[in-house]
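Here is a short report on one structure. Look at the sequence and the model first, then read on.

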Amino acid sequence: MPVISSSACAKLILLGEHAVVYGQPALAIPFSGLKVRCVIEPWINGPTGTLHIKARELQLNQPLQVLPEDNFLRKAVELVLAELGVSQTPTCKLTIYSDIPISAGLGASAAIAVATMRALSAFLGHPLEKETLNRLAFETERLMHGNPSGIDNTVIVYEQPILFRKGELIEFVYPSKNLHFLIADSGIKKATADTVAYLAQQREGNPQFIEAALAEIGRIALFGRKAFEQGDLSALGEAMNANQALLAQLDLSCEALEKLIVAARQAGALGAKLTGGGKGGNMLALITPETQEAVRKALLSAGAVSIYQTNLKGVQDND
Ligand code: MEV
């Protein structure tokens, strides 16, 4: 069997996180600046039927069988074997390298699962189709997040901007103008499973207030989608700001994120909000090439521990 390598990108939610879990639309884009890479190779003279996993970022260096049954990587491997009707685990070594920070709102768990399933299925001679890969990756997300919407695995598998709504066909969306973003890490780790569970608990206590806020986030996501497609950068920025205000009302932001968001706006960002699960992790600022340096400096002074940049090419933009 050959040596196979594969990768998967990170993701950014532009509008609609959390509300998307409750059926509202959300807008997400792939973030190819951060990646997971997997290498899988035959383990010559290894114990038959043993798949050894090494993943420094997950502190793993052990045979798959030793991982708990509900470990998402073990599940990812088992799902691929079951899908392909392979009864014997291949004797091989799987190494995972990830630049995507864990518990930071950038889709690390989905990207690790997707890259692993891509590599293993190719190693077994049957690379999975995107639709199948997405279905299986959603199963691993359920283990990680309890009640995921499916947006993370979908945008990571398809690597295209999407308007996502649970249970509906994926809509691919195309910006007409070039879009520029800075992403800043608050340095606070927060598992998405925790913030999703927190909101679910809040919703039980105060359903009317929470439902109204989630519906409003859904409306903002649809307004933002139009702005995204029409290349109306200031409307898109406004949508991000309005979305952030609601996320803060839902107690999904935190002081460190607010500081970064305010700093980005004051330095000229057209819009800024948290991205992903919130209560830590990363924020996202819509900028222009002209404001980029000022916003970057402001984010650093406001305590960003890492800053990344990404652009989306507009379909009608020749710049
Ligand atoms: C996490 O990236 C996005 C959330 O909306 C959870 C989900 O949709 O599964 C917070």
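## Helix α4 and Ile-156

Helices here are DSSP runs of H or I with at least four residues, numbered from the N terminus. Helix α4 covers residues 151-158, and Ile-156 is found in it. Keep in mind that this is a predicted model.

Is Ile-156 buried or exposed? Ile-156 is buried, because its relative accessible area is 0% and buried means under 20%. Leave aside residues up to four places away in sequence, and Ile-156 touches Ala-8, Cys-9, Ala-10, Lys-11, Gly-107, Ala-110, Ala-111, Val-114 and Arg-118. Ile-156 and Ala-184 are 28 residues apart in sequence. In space, their C-alpha atoms are 20 Å apart.

## Around the ligand

How many residues surround the ligand? There are 14. The closest are Lys-11, His-18, Pro-148, Ser-149 and Asp-152.

Lys-11 places a polar side-chain atom 2.7 Å from an oxygen atom of the ligand. His-18 uses its backbone: an N or O atom there lies 2.8 Å from a ligand oxygen. Ser-149 uses its side chain, where an N or O atom is 2.5 Å from an oxygen atom of the ligand. On its own, the ligand has 290 Å² of accessible area, and the protein covers 99% of that.

## Helix α1 and its ends

Helix α1 runs over residues 72-84 and has 13 residues. From first C-alpha to last, α1 reaches 18 Å, close to the 18 Å expected at 1.5 Å a residue. Its buried residues are Phe-72, Leu-73, Arg-74, Ala-76, Val-77, Leu-79, Val-80 and Leu-81. What covers them? The cover includes strands β3 (51-55), β4 (60-63) and β5 (92-98), along with helices α2 (108-123) and α3 (130-145).

Now look at the start of α1. Asn-71 sits in the loop between β4 and α1. Asn-71 counts as buried because its relative accessibility is 16%. A side-chain oxygen of Asn-71 reaches to within 2.7 Å of the backbone nitrogen of Leu-73. Just after α1 comes Gly-85, with a positive phi of about 65°.

## Strand β8

Which strands pair with β8? Strand β11 (residues 306-312) pairs with β8 in the antiparallel sense, over seven bridges. There, Phe-181 stands opposite Thr-310. Strand β10 (residues 282-287) also runs antiparallel to β8, joined by six bridges. Leu-182 has Ala-285 of β10 as its bridge partner.

## Two loop residues with positive phi

Asn-45 is not a glycine, yet it has a positive phi of about 65°. Asn-45 lies in the loop between β2 (26-42) and β3. Is Asn-45 buried or exposed? Asn-45 counts as exposed, because its relative accessibility is 80%.

Asp-251 is not a glycine either, and has a positive phi of about 65°. Its place is in the loop between α7 (233-249) and α8 (255-266). Asp-251 is partly exposed, because its relative accessible area is 37%.

How values were computed: Residues numbered from 1 in each chain as written. Predicted model: local features only at pLDDT ≥ 70, side-chain atom pairs only at ≥ 80, totals over all residues. Heavy atoms only, no water. Expected span 1.5 Å × (residues − 1). Buried < 20%, exposed > 50% of the residue type's maximum accessible area, 1.4 Å probe, protein only. Contact = heavy atoms within 4.5 Å. Polar contact = N/O pair within 3.5 Å; in protein donor to acceptor, adjacent residues only side chain to side chain. Near = heavy atom within 4 Å. Areas by Shrake-Rupley, 256 points an atom, 1.4 Å probe, with all protein chains shown as cover. Pairing = 2+ DSSP bridges.
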